[in-house]
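Try each task before you read its solution.

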Amino acid sequence: MADGLPTVVSDVSRWYATTTLAVGEATGLLTPLLEGGGTAAELASRAGVDRRNAEVWGDAMVVAGYARHDGERYLPDEGVLGVLRGGFPFDLRAVVGLLAPLGGMLPRVERAIRDGTGISSTEIQSNLGALPEQVNGPMYQAFLLDDWIAANPSIEAALQSGIDAAEIGPGGGQALRILATAFPSSRFVGYDLDSNQVARATAAAAEAGLPNLRFEVLDAANLSKARFDLVCAFDTFHHFGRPGAVLDSIRGALRPGGALLVAEAAVSGDPMTDASDPFGIIVYGSNLLYCFQESKADGGAGLGATWAPIHLEALLAEHGFEVAATHPSEAGYLVTRATPSGTRQSVE
Ligand SMILES: C[S@@+](CC[C@H](N)C(=O)[O-])C[C@H]1O[C@@H](n2cnc3c(N)ncnc32)[C@H](O)[C@@H]1O
């Protein structure tokens, strides 16, 4: 992109570039390109698409700066596309995969913005499938045990000795699979509102051979019958529409000495400050399109991804919790350990 263009022009230009990438992911053209590339006919045959369209796509990828053409074959620009193969704390290929379904949701988002009723977890899940949680997969692999849990030695020791732990809003259950594998003496349960997520999480736990892990369809505001030593909410609290009711429910479910562990994106919550955060645009944009809308639908609180840094501590205090520790993780998350007021001693 030539320098000196108005920001809106260069942003629109990059929208076309990332949309071209997303079209490649959606149609299957991106995979053969990443696997070494080929002629338009070869890419088309591998993806099962029309040859001339493969050529038009390849040309657009070249102009976008994602590929080059050697006169015969389209080749990936490794320096640019290599990051889609991993090595980043997030799954960037899943981020690209989200762009097409998010684009499809725009008319729905437009309605939600007009009428203010949000978009339910189930509707979002039926549009986006497993992609949002795939984005977080590498982060949990790299940081959950060695950083988030390690920064809370009392929790790590308790998990090693064998406790009852829950995650609320676990999605497909990837964080709980890591915990259940690492701490076989502990028992884990994930409670999610969405039955599709629970079905996927249950199947994945069975496939991983984890008898100490199960999932249930349950509203996190309704934990009343269970008893836990640890409740986790990873990258999920800001989706809740009745956060106060969820905290009351957790407080009622925690055994004496139990703890709540909350991980939320470590943006500041001030848009003027977060404008300089390299991930700010993605956090604020995805918040507008679905995190905020989900919280709006489920009870109307409308928290969203930018809420926690400013309001979490006050809400915890309002609902009888005190913050025992906060850990700013290099993953870009703030991990907060909270305990029901007056019971901090056993989790220090
Ligand atoms: C963004 S996903 C987070 C998934 C997972 N924690 C992760 O990081 O991969 C949020 C999850 O919260 C669930 N959820 C939203 N409101 C809920 C509620 N009141 N009770 C239980 N789960 C809820 C949604 O169905 C969704 O699976």
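## Exercise 1: the cores

Task: which residues touch the most other members of the largest nonpolar core?

Solution. This is a predicted model. Start with the largest nonpolar core, which has 70 residues. Those touching the most other members are Ala-165, Leu-230, Val-231, Ile-250, Leu-260, Leu-261 and Val-262. Next, ask where the core gets its residues: strand 7 (residues 254-265) gives the largest share, seven residues. Finally, look for a second, separate core: it has 16 residues, including Leu-30, Leu-33, Leu-43 and Leu-84. As background, nonpolar side chains in soluble globular proteins tend to be buried together.

## Exercise 2: two helices crossing

Task: at roughly what angle do the axes of helix 1 and helix 6 cross?

Solution. Find helix 1 at residues 7-27 and helix 6 at residues 92-104. Their axes come within 8 Å and cross at roughly 95°. Angles from 65 to 115 degrees count as roughly perpendicular, so helix 1 is roughly perpendicular to helix 6. Now list who makes the contact: helix 1 brings Thr-18, Thr-19, Leu-21, Ala-22, Glu-25 and Ala-26, while helix 6 brings Val-96, Gly-97, Leu-99 and Ala-100. Sort them by class and you get six nonpolar, three polar and one charged.

## Exercise 3: a pair of aspartates

Task: is Asp-192 buried or exposed?

Solution. Locate Asp-192 in strand 4. A residue is buried if 20 or more other C-beta atoms lie within 10 Å. Asp-192 has 26 such neighbours, so Asp-192 is buried. For contacts, ignore neighbours within four places in sequence; among those remaining are Gly-169, Gln-197 and Phe-215.

Then try Asp-235, in the loop between strand 6 (228-234) and helix 13 (243-253). Asp-235 is buried because 23 other C-beta atoms lie within 10 Å. Check its backbone, too: phi is positive, about 55°, although Asp-235 isn't a glycine. For context, most residues other than glycine have a negative phi.

## Exercise 4: packing around helix 11

Task: what do the buried residues of helix 11 pack against?

Solution. First pick out the buried residues in helix 11 (residues 174-182): Gln-174, Ala-175, Leu-176, Arg-177, Leu-179 and Ala-180. Then look at their partners: helix 9 (131-149), strand 3 (164-168), strand 4 (187-192), helix 12 (195-207), strand 5 (213-217) and strand 6.

Terms used. Residues are numbered from 1 along each chain as its sequence is written. This is a predicted model: local features need pLDDT of at least 70, side-chain atom pairs count only at pLDDT 80 or more; totals for chains, interfaces and linings use all residues. Axes are lines fitted to C-alpha atoms, for helices over the stretch in contact, and angles run from 0 to 180 degrees between N-to-C directions. Helices (H or I, at least four residues) and strands (E, at least two) are DSSP runs, numbered from the N terminus. Angles under 35 degrees count as roughly parallel, over 145 as roughly antiparallel, 65 to 115 as roughly perpendicular and the rest as oblique. Two residues are in contact if their C-beta atoms, placed from the backbone, lie within 7 Å. Ala, Val, Leu, Ile, Met, Phe, Trp, Tyr, Cys and Pro count as nonpolar, Asp, Glu, Lys and Arg as charged, and the others, Gly among them, as polar. A residue is buried if 20 or more other C-beta atoms lie within 10 Å of its own, exposed if 12 or fewer, and partly exposed in between; C-beta atoms are placed from the backbone. A nonpolar core is a set of buried Ala, Val, Leu, Ile, Met, Phe, Trp, Tyr and Cys residues joined through C-beta atoms within 7 Å.
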